[in-house]
Amino acid sequence: MVAARLLFSLLSTRRQQSMPGTGGKLAIAFLFWMALIAPAKAELELRVAIKEGVNQVQVGSSTKAIIRDGVGRPLGEIAGMNSFNASYNGGGVAIDRWRSGAVWIEPTNSGYVWIGDKWYRGRTLVVPTSNGLTAVNYVNLEQYLYSVLGGEVYHSWPAETLKAQAVAARTYALYQRQTRGNTIYDLGNTIAWQVYKGIEDEAPTLYAPVNATAGQVMAHNGRLILAAFHASSGGHTENVENVWSEPRPYLRAVPDFDQGTPNFQWVERFSPQEMGRRIAGVGNVVSVLPERISPFGRVLSMKVVGTSGSRVVTGAALRQTLGLKSTWFSIAPEGSTSTPTAFRIDGRGFGHGLGLSQWGAYNMGRSGANYQQILQHYYQGANLAKIKVR
């Protein structure tokens with residue numbers, strides 16, 4: 001691994017008309033530099049942790065593969081469509097008859113690697129850590145996105161929506177690589193990072209939007225943005241400081257276009273007893289009263305009163321403990337207000353409500369907006385730029 005520069009270049013000097021109601025015209029991208037760690041290749045290779053802290057993991061290849069030690073010396077070969085258990089071995093890695101401090105599995109002829117229970121593009125590195133083995137998929141950034149798009153949105157969506165998601169996901173991956181990556185991997189593969197399940201989530205319709213936007217990212221003041229996205233906002237996205245602690249000028253509340261989509265509105269009901277079981281320390285719930293609500297309707301905190309006490313609970317904590325789709329909700333008693341028989345929760349949207357709304361972007365794409373307009377709407381003041389690895 002060597003230090004490298006990524007060049008973010010001007011994409012367009014033509015101002016383009018935005019979608020009606022999105023609040024103005026597109027900003028113009030600009031030229032700037034940013035230093036990142038990148039492989040010494042013409043392509044950017046991501047290191048994605050597929051399995052972490054395990055005693056053993058199944059690995060293999062769809063084609064003949066070269067087995068190498070941690071510094072790249074060949075140890076042997078395995079035949080295609082074979083798999084082996086890589087196990088933790090006295091601070092090193094054991095695979096079949098080979099023992100090494102770390103082990104590479106490198107397919108020939110553009111084969112796929114098998115890690116755990118899925119196929120992936122690229123190659124595999126298995127390394128020992130203090131908690132066991134970590135299996136890392138080294139994969140080209142753009143090929144990584146083929147899978148991410150399939151895990152995050154529907155492959156039948158409008159092409160411009162898919163392009164917008166590709167740019168957002170690429171930016172998000174590189175931002176996480178910069179801020180959360182470590183000496184072993186850049187990203188994880190869970191929903192806390194981005195959904196990545198290898199080739200099982202790929203579809204032919206996803207290759208074109210990724211390829212058409214190859215290397216394109218969103219930036220603000222010369223830096224990659226935290227390109228947050230979510231399923232749907234319920235009609236209006238949120239200012240970041242009302243959800244997370246740090247204000248960011250490009251994650252501002254904007255009107256959404258997700259009307260008529262799944263989870264735009266939803267309803268849940270809980271008995272007082274069930275509410276009390278889920279919210280500790282209050283007994284059977286008698287009332288739930290809003291304490292702080294954001295200007296756009298999301299619950300920041302509520303006071304929960306029960307037969308055994310009361311407590312103030314954050315909207316995020318209520319969402320988690322009650323299994324709600326978002327923090328944009330209201331709670332009303334049913335039956336008698338003094339002794340309710342149930343609590344009805346009316347909610348809107350799915351996710352944290354920050355940045356790009358996937359279903360809103362879907363409707364924008366259906367209405368004729370291009371991907372640049374979609375991105376400019378949800379990431380206010382950010383610019384579209386392109387990277388080059390050097």
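Helices here are DSSP runs of H or I at least four residues long, numbered from the N terminus. Just after one of them, α6, G368 takes a positive phi of about 105°. The model is predicted. The protein has seven helices and 25 strands. Of its 390 residues, 54% are buried. Take contacts between residues at least 6 apart in sequence: 67% of them join residues at least 24 apart.

- Helix α6 spans residues 358-366, and eight of its nine residues are buried, so the rest of the structure largely encloses α6.
- The buried residues of α6 are Q358, W359, G360, A361, Y362, N363, M364 and G365.
- These buried residues pack against three helices, α1 (141-152), α2 and α7.
- They also pack against the strands β17 (229-230) and β24 (356-357).

**Helix α2 against helix α7**

- Two packed helices are described by the angle between their axes and the distance between the axes.
- For α2 (residues 159-179) and α7 (residues 371-378), the axes come within 8 Å and cross at roughly 50°.
- That angle makes α2 oblique to α7.
- The α2 and α7 crossing is right-handed.
- On the α2 side, the contact uses E160, T161, K163, A164, V167 and A168.
- On the α7 side, Y371, Q372, I374 and L375 meet them.
- Sorted by class, the contact of α2 with α7 has six nonpolar, two polar and two charged residues.

**Helix α1 against helix α3**

- The axes of α1 and α3 (residues 204-212) come within 9 Å, and they cross at roughly 130°.
- This makes α1 oblique to α3.
- The crossing of α1 past α3 is right-handed.
- From α1, the residues in the contact are E142, L145, Y146, L149 and G150.
- Their partners in α3 are L206, Y207, P209, V210 and N211.
- By class, seven nonpolar, two polar and one charged residues form the contact of α1 with α3.

**S147 in helix α1**

- S147 is a residue of helix α1.
- The relative accessibility of S147 is 1%; the cut-off for buried is under 20%, so S147 counts as buried.
- Beyond residues up to four places away in sequence, S147 touches V195, Y196, K197, G198, D201 and E202.
- S147 and L206 are 59 residues apart in sequence, yet their C-alpha atoms are 8.4 Å apart in space.
- L206 is also one of the α3 residues that meet α1.

**S294 in the β19-β20 loop**

- S294 sits in the loop between β19 (285-293) and β20 (299-306).
- With a relative accessibility of 4%, S294 counts as buried.
- The side chains of S294 and E238 are joined by a polar contact of 2.7 Å.
- Apart from neighbours within four places in sequence, S294 is in contact with E238, N242 and L300.

Terms used
Residues are numbered from 1 along each chain as its sequence is written. This is a predicted model: local features need pLDDT of at least 70, side-chain atom pairs count only at pLDDT 80 or more; totals for chains, interfaces and linings use all residues. Side-chain values use heavy atoms; hydrogens and water are left out. Axes are lines fitted to C-alpha atoms, for helices over the stretch in contact, and angles run from 0 to 180 degrees between N-to-C directions. Helices (H or I, at least four residues) and strands (E, at least two) are DSSP runs, numbered from the N terminus. Angles under 35 degrees count as roughly parallel, over 145 as roughly antiparallel, 65 to 115 as roughly perpendicular and the rest as oblique. A crossing is left-handed if the near helix is turned anticlockwise from the far one by less than a right angle, and right-handed if clockwise. Contact means heavy atoms within 4.5 Å. Ala, Val, Leu, Ile, Met, Phe, Trp, Tyr, Cys and Pro count as nonpolar, Asp, Glu, Lys and Arg as charged, and the others, Gly among them, as polar. Buried means under 20% relative accessible area, exposed over 50%, partly exposed in between (1.4 Å probe, protein chains only). A polar contact is a pair of N or O atoms within 3.5 Å; within protein, one must be able to donate a hydrogen and the other to accept it, and residues adjacent in sequence count only if both atoms are side-chain atoms.
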